[in-house]
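Hi,

Here is the structure I promised to pass on.

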Amino acid sequence: MQDTWILDRNLTHWPTFINIQNNQYLLLNSFISNGCWDIEKLNTVFSKHLVKLILKIPIWNNREADSVVLKTKFSGKSITALAYEASLNHKEEVVHWKWFKKLKLKPKIEFFWWRLCYDAIPSNTFLFKRKLSNCSGCPRGCGEDEDNNHLVGSCSKIKKVIDLLNGWGFKMPRFHDFEDCLESLKNDVGTNLLFGNIFCNMVFLVWKSRCKFIHDKYEDSDNYIAANAISFAVRSNFIHLQSENWGANQLLLNSTWHPPPTGWIKINIDAALKRNHLAGMGGVIRDDKGRFLMAFGNKSLHWDISHLELMAVLDLKKLVKDWMMEAQGVIVEGDNLNIIKLLNNAVKEWKVSKNIDENLAFLLEFKQVVFSHSLRNGNKLADICANLALVRSFLWEDLHDAMIPPSFLYCLKEECDALGLL
Ligand SMILES: [Zn+2]
């Protein structure tokens with residue numbers, strides 16, 4: 001009576017009458033004789049319809065004992081089978097998250113993305129579907145549903161921040177589809193961790209800003225979001241985590257000069273070598289508006305161009321000023337990929353063993369450092385400095401310096417004009 005064996009209810013819950021006179025202690029097997037339903041006996045206890053139903057229940061005589069199955073899930077699978085299946089599903093989730101973990105996001109940002117993947121962000125579209133909001137559109141007035149596709153790419157705010165990041169030389173992709181975005185992030189894991197990290201930070205910060213807008217009626221500026229997206233990435237990668245992502249990263253590979261993020265400075269370095277072993281190393285430091293801060297050049301004798309470029313970085317040590325320490329971050333950019341890799345490895349070594357070549361230790365005094373590789377065209381001004389250094393060493397801290405040749409000023413102006421900043 002209490003067991004569920006006819007459809008999904010036990011007999012006490014069936015809307016039917018059962019003749020239980022003298023049959024109070026009948027067991028199910030008393031209706032079975034010789035491995036078949038005993039129709040006669042069934043008819044004495046159950047109504048016609050119920051007997052019909054019971055006769056449809058197959059009897060497996062070769063089975064040893066009944067096993068427990070879920071009564072509302074007619075999958076025909078045992079609990080064990082269902083549990084195993086669930087564990088496999090879970091594994092898929094874990095695999096999905098394995099690559100996400102490699103992006104080395106801050107925990108709260110990783111959690112945000114986890115919620116995005118599982119459609120658990122309380123966006124207007126989410127609330128609308130659950131009848132908790134009257135409007136499913138983006139609160140910024142984009143005129144689109146505020147779904148995942150919108151949150152990772154289509155929103156006007158995201159587009160503006162991406163424009164800004166691209167203006168600083170970070171080649172950020174634009175997505176219109178959430179799945180495309182995940183696919184691209186997955187690819188970044190192998191090649192461009194920094195890229196993926198900055199992108200994820202940006203989407204998170206744009207969402208935070210949107211929440212501020214809802215509650216406090218003001219938003220974070222595009223500049224603030226873009227600069228923080230980079231800062232978060234650099235802090236979590238440079239200070240605490242491994243840095244192989246910096247090593248081969250080509251993301252800052254630019255064919256034109258790009259200014260650094262707001263509050264940062266960029267140092268372009270280069271070296272020049274003549275056949276007679278006369279060598280010049282030079283560099284130029286500019287701010288986020290492309291404004292000149294300092295330029296230097298050192299004359300030397302050498303025969304290895306790569307080593308010279310490294311020396312240009314080492315020369316910085318002698319030039320470090322307080323205002324450089326004040327900057328939010330420093331981007332050291334050169335067109336020699338091997339040197340950029342070498343610098344990355346030095347920093348990586350420092351993070352693992354806390355040992356760093358004492359000649360490079362000064363780099364740790366900056367708030368944040370990013371080493372970036374640019375194409376020659378993005379490094380023109382440093383190239384001019386290196387070539388000028390073939391003649392004599394120099395240090396310019398003011399554009400009014402009479403020693404600055406017109407070729408340098410012309411290139412500086414040209415690169416600034418290209419940014420639309422002057
Ligand atoms: Zn929007």
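**The zinc site**

The 4 donor atoms around the zinc ion subtend angles of 100 to 118 degrees, so their arrangement is tetrahedral. For reference, the ideal angle for four tetrahedral donors is 109.5 degrees. Keep in mind as you read that this is a predicted model.

Which residues hold the zinc ion? The protein donors are Cys-138 (SG), Cys-142 (SG), His-150 (NE2) and Cys-155 (SG), and they lie 2.2 to 2.3 Å from the ion. If you want to find them in the sequence, look for the spacing C-x3-C-x7-H-x4-C. Cys-142 is in the loop between α5 (124-129) and α6 (148-154), while Cys-155 is in the loop between α6 and α7 (156-167), so this pair ties together parts that are 13 residues apart in sequence.

Are these two cysteines buried or partly exposed? Cys-142 is partly exposed, because its relative accessibility is 23% and buried means under 20%. Cys-155 has a relative accessible area of 2%, so that one is buried.

**The aromatic rings**

Phe-112 belongs to helix α4 (residues 107-117) and Trp-207 to helix α9 (residues 193-216), so the pair ties together parts that are 95 residues apart in sequence. Both Phe-112 and Trp-207 are buried.

Another tilted pair is Trp-114 with Tyr-118, at 5.1 Å centre to centre and 40 degrees between the planes. Here Trp-114 is partly exposed at 37% relative accessibility, and Tyr-118 is partly exposed too, at 31%.

Phe-112 and Trp-207 also turn up in one aromatic cluster, whose members include Trp-99, Phe-100, Trp-113 and Phe-175.

The charged end of Lys-106 is over the ring of Phe-232, 4.6 Å from its centre. Over the ring of Phe-126 you'll find the charged end of Arg-130, 3.7 Å from the ring centre.

**One glutamate to look up**

Is Glu-333 buried or exposed? With a relative accessible area of 2%, Glu-333 is buried. Its side chain joins that of Ser-372 through a polar contact of 2.8 Å.

Cheers

How values were computed
Residues are numbered from 1 along each chain as its sequence is written. This is a predicted model: local features need pLDDT of at least 70, side-chain atom pairs count only at pLDDT 80 or more; totals for chains, interfaces and linings use all residues. Side-chain values use heavy atoms; hydrogens and water are left out. Buried means under 20% relative accessible area, exposed over 50%, partly exposed in between (1.4 Å probe, protein chains only). A polar contact is a pair of N or O atoms within 3.5 Å; within protein, one must be able to donate a hydrogen and the other to accept it, and residues adjacent in sequence count only if both atoms are side-chain atoms. Donors are N, O and S atoms within 2.8 Å of the metal (3.2 Å for Na, K and Ca); water is not among the atoms, so sites may look incomplete. Four donors count as tetrahedral if all angles lie between 85 and 135 degrees; four count as square planar and six as octahedral if opposite donors are over 155 degrees apart and all others between 65 and 115; anything else is irregular. Helices (H or I, at least four residues) and strands (E, at least two) are DSSP runs, numbered from the N terminus. Rings of Phe, Tyr and Trp (its six-membered ring) pair if their centres lie within 6.5 Å; planes under 30 degrees apart count as stacked, over 60 as edge-to-face and the rest as tilted. A charge sits over a ring if NZ of Lys or CZ of Arg is within 6 Å of the ring centre and within 35 degrees of the ring normal.
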